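Dear colleague,

I am handing over a structure for you to look through, and I would ask you to keep it open while you read. My notes on what was found in it follow below.

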Amino acid sequence: MDIITSQRQKEEEASGLKRHSFTAQSRQDEAATLTMARDRSPTEEVMKLAAIALSLNVRLRSSDMPVDMQERALRYARSFLDDSSISSAPKHRPNPTLLARALKNEFDSVYGVAWHCVAGKSFGSFVTHSPGGFMYFSIDSLFIVLFKTEVKLVTESEISSQIS
């Protein structure tokens with residue numbers, strides 16, 4: 001069993017992909033945060049993120065994502081759930097589908113395409129993601145998985161060689 005696990009880990013490292021198994025501001029502000037983040041040590045960044053999560057009543061469960069991206073996801077999800085005009089549901093019943101779509105679209109527009117988001121109260125998942133592109137957190141009774149996959153452009157010559 002250890003040999004198989006070790007081989008899988010080597011394959012994942014070689015492909016640059018990672019797997020996770022589990023169960024269920026404005027652009028100027030972002031630029032200022034990035035500038036400040038460069039001046040801080042990794043420990044200070046993590047402590048700042050922990051303070052933000054605590055203030056937003058969010059629980060970060062697992063992440064392989066830069067701190068600034070994590071902060072953006074936490075703030076965006078919290079503001080989405082708090083804005084009753086967007087969520088179109090009473091505060092006690094947030095719509096996880098709308099949240100997942102909005103968070104996915106936000107990350108697609110800011111960090112490039114191929115982001116995926118799953119949100120809900122009870123689900124299981126096993127995902128493969130690009131390095132630095134995974135986050136699993138919860139807000140109130142909702143659990144959210146946000147991850148990015150690699151997108152590879154397929155050319156016509158590659159398609160014809162596969163058909164032949």
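Two strands are said to pair if DSSP finds at least two bridges between them, and both strands (E, at least two residues) and helices (H or I, at least four residues) are DSSP runs that are numbered from the N terminus. With that in hand, β2 and β5 pair in the antiparallel sense over six bridges, and within this pairing S63 stands opposite M135 in β5.

Please bear in mind that this is a predicted model, in which local features need pLDDT of at least 70 and side-chain atom pairs count only at pLDDT 80 or more, while totals for chains, interfaces and linings use all residues. Residues are numbered from 1 along each chain as its sequence is written, and side-chain values use heavy atoms, with hydrogens and water left out.

The pairing of β2 and β5 belongs to an open sheet of four strands, in the order β2-β5-β6-β3, with antiparallel pairing. Because β2 (58–64) and β3 (115–120) each have a single partner strand, they stand at the edges, and one side of each is left without a neighbour in the sheet.

Six bridges also join β5 to β6, which run antiparallel, and here M135 has L146 as its bridge partner in β6. These two strands, β5 and β6, form a hairpin with two residues between them, and D140 in the turn has a positive phi of about 55 degrees.

How many residues of β5 are buried? Taking buried as under 20% relative accessible area, exposed as over 50% and partly exposed as in between (1.4 Å probe, protein chains only), six of the six residues of β5 are buried, so this strand is largely enclosed by the rest of the structure. From β5, F134, Y136 and S138 point one way, whereas M135, F137 and I139 point the other way.

Turning to the helices, α3 (residues 42–55) contains E45, L49, I52 and A53 as buried residues, while T43, M47, L54 and S55 are exposed on the other side of α3. Just after α3, N57 takes a positive phi of about 60 degrees. In helix α6 (residues 96–111) we find T97, which counts as exposed because its relative accessibility is 51%.

With best wishes
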